[in-house]
Amino acid sequence: MRFFAHRGVMARHPENTMTAFRAALEAGADGIEADVHMTKDGKLVLIHDETIDRTTDGQGRIADMTLSELRAVNAGVTFAVHEQIPTLDELIDLCQGTSVVLNLEVKTDIERYPGIEQRLVDTIRNRRVPVEQIVFSSFNHATLKRLKRLAPDIECAVLLAQPLYDLVAYCAKVGATAVHPNVRTMTDEEILQLQTEGLAVRPYTVKTVHDLERFRRLGVDAVFVNDIDWAKAHSTP
Ligand code: G3P
Ligand code: CA
């Protein structure tokens with residue numbers, strides 16, 4: 001079972017910052033999950049919410065701000081350190097030459113960010129990131145469908161916060177070959193059925209040893225964790 005660092009190593013560092021992503025690499029994460037938004041001037045930035053209010057010392061919607069405005073705020077306030085909001089390009093730079101998977105969660109479930117899918121695919125292509133190193137995911141499955149049309153060779157994963165009727169057929173319709181379910185909302189039987197149908201399952205976010213063992217036993221492809229060192233220390237081979 002692989003470990004994906006949820007927003008980087010967010011248990012020890014400010015989420016979605018270069019320090020948190022660097023810590024994930026240093027801890028030997030198999031994947032790094034990052035949340036992608038688009039600025040007013042069309043730049044792709046990594047931050048969880050659609051506003052900067054919770055995680056920085058600033059205020060406002062990302063869609064209303066330019067990259068240079070966003071770069072002026074401190075994204076390290078939750079740990080009383082100084083961090084800038086990173087760009088996707090910086091994360092790509094960090095991971096260049098490694099085999100770590102970048103799970104780019106496209107945050108179009110509240111803001112739509114028209115054109116974000118094309119910009120994402122252009123960035124991956126222009127930076128020549130190997131396609132096997134990218135997994136796109138989103139709670140907005142229309143975004144996944146658009147990404148799949150633009151880049152059929154890049155894996156898409158349906159993000160789910162609740163059960164969904166006829167999920168296997170739904171994934172086929174969207175073009176997704178993986179499901180990222182909330183840990184609490186999918187039964188063992190449902191996970192096994194998805195795996196039988198050839199879908200990769202990666203539950204988010206595992207915070208207990210009980211869940212680590214549960215998903216290891218089920219043979220899921222990966223789990224999202226907030227602390228890679230913790231996950232490794234508590235995993236049985
Ligand atoms: O991608 C898994 C997980 O990150 C989705 O939920 O709210 O942490 O972005 P959230
Ligand atoms: Ca996320």
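I count a residue as buried under 20% relative accessible area, exposed over 50% and partly exposed in between, using a 1.4 Å probe and protein chains only.

**Ground rules.** I am working on a predicted model, where local features need pLDDT of at least 70, side-chain atom pairs count only at pLDDT 80 or more, and totals for chains, interfaces and linings use all residues. Residues are numbered from 1 along each chain as its sequence is written, chains are lettered from A and ligands numbered from 1 in the order in which they are written, and side-chain values use heavy atoms, with hydrogens and water left out.

**Entry: I92.** I started with I92, which is buried at a relative accessible area of 4%. I found I92 in helix 3 (residues 88–95); helices (H or I, at least four residues) and strands (E, at least two) are DSSP runs numbered from the N terminus.

**Entry: calcium.** Which residues hold the calcium ion (ligand 2) as protein donors? I found E33 (OE), D35 (OD) and E105 (OE), at 2.1 to 2.2 Å from the ion. Donors here are N, O and S atoms within 2.8 Å of the metal (3.2 Å for Na, K and Ca), and sites may look incomplete because water is not among the atoms. The spacing of these donor residues in sequence reads E-x1-D-x69-E. D35 in strand 2 (residues 31–38) and E105 in strand 4 (residues 101–106) are 70 residues apart, so this pair links distant parts of the chain. I checked burial too: D35 is buried at 0%, and E105 is buried at 5%.

**Entry: ligand 1.** I listed the residues around ligand 1, among them H6, R7, H48, K107 and Y204; a residue is near a molecule if one of its heavy atoms lies within 4 Å of it. Ligand 1 exposes 290 Å² when taken alone, and the protein buries 90% of that (Shrake-Rupley method, 1.4 Å probe).

Entry: Most residues other than glycine have a negative phi, and most peptide bonds are trans. I noted a cis peptide bond between Y204 and T205, with omega about -15°. A80 has a positive phi near 55° and is exposed at 71%. Y113 also has a positive phi, near 50°, yet Y113 is buried at 5%.
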